[in-house]
Amino acid sequence: MARGRIKLDDRDIKILTILQKEGRIPKAALAERVNLSPTPCWERLNRLEEAGIIEGYAASIAESTYGPLTVLFVMIEIESHRKEDFAQFETAIASVPEIVECWSISGGFDYLCKFVTRDLASYQAIVDKILADHIGVRRYFTYPAMTSIKKTPVPIEMISETTR
């Protein structure tokens, strides 16, 4: 898919707003809601997809469907700060499915990772394997999540004015 910057107008923003909340809306209904005929609406939708603004469509699955889960946030510091050390760590954790998010951060640590596991024993087994694989972890601190208070997509209003 071609990726590139495109200018967004008010209709593009409205399309994105609707899709962010109603990803399964029929295309004809989307066209009606943004006051366009179906063909121009589909063309806009394709343009947004091709530009990489719309990355995909997915179902949001209730976490209760999985049964009991344990969510943990883990601050990680790696031993060395050479480019290849960061790459080694990032490549290794990319293959750990229980790490559902990983952010490179500044401050006293290098990464903030979100783990989702069945329980603390499962989490510890994953950490033990990561440590045994010698991917450069110096130290880590684990923070179990108690309750999810808020989880929302990034507000559409934050789309850069430079793309409008």
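**Aromatic rings and a cavity**

Author: Phe86, Phe89 and Tyr111 form one aromatic cluster, where rings of Phe, Tyr and Trp (its six-membered ring) pair if their centres lie within 6.5 Å. This is a predicted model, in which local features need pLDDT of at least 70 and side-chain atom pairs count only at pLDDT 80 or more, while totals for chains, interfaces and linings use all residues. Residues are numbered from 1 along each chain as its sequence is written, and side-chain values use heavy atoms, with hydrogens and water left out.

Reader: How many aromatic pairs are there in the whole structure?

Author: The search finds 4 aromatic pairs.

Reader: And how many cavities of 30 Å³ or more turn up?

Author: There is 1 cavity of that size, meaning a set of points on a 1 Å grid over the protein atoms alone where a 1.4 Å probe fits but cannot get out. The largest cavity has a volume of about 50 Å³, which is the space filled by probe spheres set on the points, with grid points joined across faces, edges and corners.

Reader: Which residues line the largest cavity?

Author: The lining, made of residues with an atom within 4 Å of a point, consists of Val74, Ile76, Phe115, Val127, Ile130, Leu131, Val137 and Tyr140.

Reader: Which element gives the most to that lining?

Author: H5 does, with 3 residues, and strand S1 (70-78), helix H5 (120-132) and strand S4 (137-144) each supply at least two; helices (H or I, at least four residues) and strands (E, at least two) are DSSP runs, numbered from the N terminus.

Key:
On a 1 Å grid over the protein atoms alone, a cavity is a set of points where a 1.4 Å probe fits but cannot get out, and a pocket is an open set with protein on both sides within 12 Å along at least five of seven lines; lining residues have an atom within 4 Å of a point. Rings of Phe, Tyr and Trp (its six-membered ring) pair if their centres lie within 6.5 Å; planes under 30 degrees apart count as stacked, over 60 as edge-to-face and the rest as tilted.
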